[in-house]
Amino acid sequence: MQRIGKTVWKRLKANRQTLLWIVISFATLLIAWQVASMLSQGRVQIPAPLEVFEAFFRSMTVPIGKNTILEHAGISLWRVLLGFVVASVIGMAIGILMGVSPKAHAVINPLFEFVRPIPPIAWIPLSILWFGLGSSNKIFIIFLASFTYVTINSYEGARNVDPKLIGAARMLGASRRRVFTHVIFPSSVPYIFAGLQIALSVSWAAEVAAEIIYSQNGVGWIITMGMNNGNITQIMVGMIAIGVIGYLLSTLMRVVEGRLCRWNRQET
Amino acid sequence: MEPAGNIILRCEHLSRSFTTPSGTDYRVLGDVSFDVRENEFLVLFGPGQCGKTTLLNLLAGLDQPTGGFVEMQGEPVHAPSPSRGVVYQTTSLFPWLTVMGNVEFGPASRGIPKAERRKQAQYFIDLVGLKGFEKSYPNQLSGGMQQRAGIARAYCSDPSVLLMDEPFGHLDAQTRYMMEQELERIWRAEKRTVLFVTNNIEEALYLADRIILLTNCPSVICKEYMVNLPRPRNYVDPAFLQLRKEITREMDPTQ
Amino acid sequence: MKRKKYLWLSIVSVLCVLVLWELVTDVLRLMPSYMLPSPLEVCKAFAYKVSGGVNPDGASLWTHIATSLKIALGGYLAGVVIGVPLGIAMAWYKKVDLFVKPLFDLLRPIPPLAWIPLMILWFGIGYGAKVVIIFISSMIACVVNSYAGIKQTRQVHIWVAKTFAATNLQILFRVALPTARPMILTGLKTSLGSAWMALVAAELLASTSGLGYMIQMARQMGRADIIVVGMIVIGLIGAALSSLLDLLTSRIGGKKTKRRG
């Protein structure tokens, strides 16, 4: 523990300049925001920063609508998790299948190419017709948003396995199945992870968009309600929550990747 | 003088052509025949891009010849098999496995129980001098150490023949020299039939019982040398230098 | 070569899906047409909208396309014109980097689409708010890619330029920018995609015309055939814009870009 503390301190000392500039740039932002809020009037209203932060922390205990902000966040995250996990599992399976079998690629890829240019958001009206106004239409949108990235990356990963490694494994007596599970799959993992990372952030964006466009709860709903009531403070509270969750999700993915793909890092 | 020992690997009239994108046939290997005898260190020596890797892939069973055949202990070779281990030019270690994971990959593929294969792997890791690096990933090792791990991995699936495709080609001169000595030490401790491909004449003379000279494309055998110098050899020994001069002249008569 | 070998499989696969779609809808009637229109219905609706039909959303397909394109391209161009130089400046001048990067990192986790309600309140549901949203979403990809591209410049190349007494600006234009070009072009392409998606989202939420509005209206009227037509048009235009950009950049970038990209 002490050692970690020491290294953190050393880094901070080395990056004193960076730290100073972070303080400067945040201070500038806050001051500009404060000044803008004092000058703003009429239609363009800008609440003061302090007011927004206060409202943000208040909303953790005082509900907006029926739920506190933490509950809203939980609802949104649960949808993302469901859509993302299902899409990841199916995407990996289809992607790897396309990567190892040219026949499967020929069958699946054209269908994929037809659907791919349509942004997932454009599916929202159809998804509402199919799945109703509740959670399932959003889960479907999240599924569509992440499925593409996971599939493409798994495909690229499985296709770009170094043939020398496959040769080496066969030489060492590995069966076809073992070549698949012990060579093709692990060597695709960095590609798959790159796909999962994009997919998760796109999922989060799609979830927010779907909630903004139509929902009864979740963090996106908070800002839509704010818009409908002309409550800009509430919009900003919702945006902060969205940003914090987005940041946490991408950090989580990076940590997991660091663990699983340790071998892939370049040691210097 | 005839080499001693039983014939373990035989190539008869082996040839391999590739079709170029423009549609013409490009002959890389033309009519190569030779025998490999048990426990000999045979070096295939030839210039730059003369089809040595193609030849080795045919012997390994990773590629099929356009003409002729390869036979191992009387059985035709069609597919790769653990009885012929390969060490490649650049590392072919699995980057997601540790040194231990790589070395025990062969026995694990054959379903040998963990305790036993660990023991085998540890023996060969110690033999190649990687003790203490069992848990390192390949990208944490230097080039020389990666090749040591590659040699241990090839040995660990208990092959009768080891095929080595310029295993030290990418190393710097100093490391290369050291690895040649190391390979000889390992080979003398654990005798196997080795088929070693190189384009470095000193390396060939330092390691070989017998050298087969290959010409450039299409590759054919132009001469064979027995190297009967005592081991470990000395690079500045007059007999060594004499043989080196002879082979160099054979490859390039202007010298 | 292998791909050509299985071309017939691709054709069969697409045909199978079309036949299945037709079977499920028109023939077996497993899905009602207000939920899943048959391929024939979609074709009919498509022909109707293309020939200038204004029902059920009050404007012809061409009007919607024109509205959407105007907004998307306006916001996109603004995003490129500001985003690319900003990314380059951040990567090349340490002070700019130190000042802007924290702000950029602070705002980046917020998906651009989350700005839509705020912008609508500030700028109304007309042209302005949507242009700003598209500007934000396209600028981010431009900044990120230009920044990464410039940072790829190899130190050796900079040293070489310095030994020839090149000025800082000369090094930027002659060494760093050529290195960064492929990444900058990638940024242009990525941001075009996100601009188009942001447009659809903004139009779904609040607008009175445009492709997003068209499919939103169609949903309220239960006209799934128009929704599917709208989605196809959105997909087609997105793909067309992206290949147009490819064409333009390959003209500028020459063969080199193609090989690297």
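Begin by selecting chains A and C: their contact takes 57 residues from chain A and 48 residues from chain C. The model on display is a predicted one. Of the two pairs of chains in contact, chains A and C share the most contacts. The area buried between them is about 4,600 Å², and carbon and sulfur atoms give 82% of it. On the side of chain A, highlight Trp21(A), Leu129(A) and Met239(A), which lose the most area to chain C and together account for 13% of what that side buries.

Polar features come next. Between chain A and chain C the count of salt bridges is zero, while six residue pairs are in polar contact, both residues being at pLDDT 80 or more. To see which elements of chain A supply two or more residues to this side, select helices H2 (16–39), H5 (102–115), H6 (124–131), H7 (135–159), H9, H10 (219–229) and H11 (232–260) of chain A. H2(A) gives the most, with nine residues. Colouring this side of chain A by class shows 43 nonpolar, eleven polar and three charged residues.

Now hide chain C and display chain B. Chain B and chain C do not touch, and their nearest C-alpha atoms are 11 Å apart. Chain A, by contrast, has 20 residues in contact with 25 residues of chain B. These two chains bury about 2,000 Å² between them, 67% of it on carbon and sulfur atoms. Select Met171(A), Leu172(A) and Trp263(A): in chain A they lose the most area to chain B, together 39% of what that side buries.

Across this interface the rule finds zero salt bridges, and three residue pairs are in polar contact, again with both at pLDDT 80 or more. Helix H8 (163–171) and helix H9 (176–213) of chain A each supply at least two residues of the side that touches chain B. The largest share, seven residues, comes from H8(A). By class, this side of chain A divides into nine nonpolar, five polar and six charged residues.

Strand S1 (residues 7–19) of chain B pairs with S2(B) in the antiparallel sense over nine bridges. Select Cys11(B) and locate Phe34(B), its bridge partner in S2(B).

Methods: Residues numbered from 1 in each chain as written. Chains lettered and ligands numbered in written order. Predicted model: local features only at pLDDT ≥ 70, side-chain atom pairs only at ≥ 80, totals over all residues. Heavy atoms only, no water. Pairing = 2+ DSSP bridges. Helix = DSSP H or I, 4+ residues; strand = E, 2+ residues; numbered from the N terminus. Contact = heavy atoms within 4.5 Å. Buried area = accessible area lost by both parts, 1.4 Å probe. Salt bridge = Lys/Arg side-chain N within 4 Å of Asp/Glu carboxyl O. Polar contact = N/O pair within 3.5 Å; in protein donor to acceptor, adjacent residues only side chain to side chain. Nonpolar A, V, L, I, M, F, W, Y, C, P; charged D, E, K, R; others polar.
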